[in-house]
Amino acid sequence: MLPLKYAATAVIRFACVLVLLIAIHSHADNLSRPDSHAPIGVMGDHVHHQGELMLSYRYMHMAMKGNRDGSNNLSPEQIVTTVSNRFANPPMQPPFLRVVPLEMTMDMHMLGAMYAPNDHITLMLMANYIEREMDHVTFMGPMGSTPLGSFTTETSGFGDTSLSALVKLNSQWHLTAGWSFPTGDVKETDTILTPMGTTPAPRLPYPMQLGSGTYDPILGLTYTDRGERWGWGAQWRSTFRMGKNDEEYSLGDEHRLSAWSSYRISQAVSVSARLEYVDRDNIDGMDPMIVAPVQTADPDNQGIERLDGLVGVNWLLPGSKHRFALEWAAPVSQRLSGPQLETDWTLSLGWQWSP
């Protein structure tokens, strides 16, 4: 018998094909306002009428550079001379961290489909492909601040997949209830440079893995409204981690609160401003295969509290059912359970189409 994880992957792929087949026979109203959808970074922001379907593609690029603990910046030299290595007890493990990440980029390609079997429920399927790259510096020997060299680790592949129901409460409010399926790998490996100058290829730390390894509920609540030229909305959306995965850990619960306002400058174009607060807990448990003198291997160095400011634009292609969008984000403040890499900026691009 196939493991449950692979069976779930097969079901999700079948559902994707089914939704695409439905698209061939479905028709949707051409929404005439560019601000009838929220900024592109807001997921599950609107519902559809019975029989309507929408397909979407989103691309997100995130850039991270520099380290901080709480709200304080730390240099690599400070980290390797002051931050203890939680794995120091086994033989051959140094007392302080010896490898420090310098910067990281993440590119995510998200495919989505929304279909309304009736006027009260809209189903939403989201799948994504992730590419991560992290640059590091390794310091020589068990102690000191003499650099030995640098290296880069890379991972890529499908992430977790979600299936949600958006339940319409009235013309302004709808509830989100869904499930995240562990289709992303949690056993990624790559070559590293150790403080002793060797280059093994161990399992990579948590930020470089592609999925959660757990089946997780998603809950949310969204409000939207609009006037003649102004639009506004707010959303709460949370992912709750249920139990531990096969590697003996679970990612931290993640909560997002967002509020936005938009202004329609023409029949085709609207601009938006948004604030989003992100709260993510530390990891519960530990993968016994992730043991290294680097901050990203510590499950207690994964929590974040961050407030982002975002600006965006929506463009409804005149005479068509294609919608394009862009949103750029930068942190207003961030407090990290560190040391961790801090977020510099994020760019999201999107395309949405209703046949």
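Me: A salt bridge is a side-chain nitrogen of Lys or Arg within 4 Å of a carboxyl oxygen of Asp or Glu. How many salt bridges does this rule give here?

Reply: The count is 14 salt bridges. The model is predicted: local features need pLDDT of at least 70, side-chain atom pairs count only at pLDDT 80 or more, and totals for chains, interfaces and linings use all residues. Residues are numbered from 1 along each chain as its sequence is written, and side-chain values use heavy atoms, leaving out hydrogens and water.

Me: What makes Glu228 and Arg264 a salt bridge?

Reply: Their closest N and O atoms are 3.6 Å apart. The cut-off is 4 Å, so the pair qualifies. Glu228 sits in the loop between strand E8 (216-226) and E9, and Arg264 in strand E11, 36 residues apart. Strands here (E, at least two residues) are DSSP runs, numbered from the N terminus.

Me: Buried or exposed: how are Glu228 and Arg264 classed?

Reply: Buried means under 20% relative accessible area, exposed over 50%, partly exposed in between (1.4 Å probe, protein chains only). Glu228 has 65%, so Glu228 is exposed. Arg264 has 6%, so Arg264 is buried.

Me: How do you know that Arg274 and Glu327 form a salt bridge?

Reply: The N to O distance between their side chains is 2.8 Å. Arg274 is in strand E12 (residues 269-280) and Glu327 in strand E15, so the bridge ties together parts 53 residues apart in sequence. Both residues are buried.

Me: Which salt bridge does Asp308 form?

Reply: Asp308 pairs with Arg306, at 2.9 Å from N to O. Asp308 has 6% relative accessibility and so counts as buried. Arg306, at 8%, is buried too. Elsewhere, shared partners join Glu254, Arg256, Arg274, Glu276 and Glu327 into one network.

Me: How many aromatic pairs are there?

Reply: There are 6 aromatic pairs. Rings of Phe, Tyr and Trp (its six-membered ring) pair if their centres lie within 6.5 Å; planes under 30 degrees apart are stacked, over 60 edge-to-face, the rest tilted.

Me: Why is the pair of Tyr129 and Phe158 called edge-to-face?

Reply: Their ring centres are 5.3 Å apart and their planes stand at 85°, so the pair is edge-to-face. Tyr129 is in strand E4 (residues 121-139) and Phe158 in strand E5 (residues 147-158), 29 residues apart. Tyr129 is partly exposed, at 29%. Phe158 is exposed, at 53%.

Me: Why are Trp230 and Tyr263 called tilted?

Reply: The centres lie 4.9 Å apart and the planes are at 55°, so the pair is tilted. Trp230 belongs to strand E9 (residues 230-239) and Tyr263 to strand E11 (residues 254-264), so the pair ties parts 33 residues apart in sequence. Trp230 is partly exposed at 49%, and Tyr263 is partly exposed at 29%.

Me: What makes Thr176 buried?

Reply: Its relative accessible area is 2%, so Thr176 falls in the buried class. Thr176 is in strand E7 (residues 173-181). Thr176 touches residues including Gly44, Leu166, Ile218 and Arg237, not counting residues up to four places away in sequence. Contact means heavy atoms within 4.5 Å.

Technical notes: Helix = DSSP H or I, 4+ residues; strand = E, 2+ residues; numbered from the N terminus.
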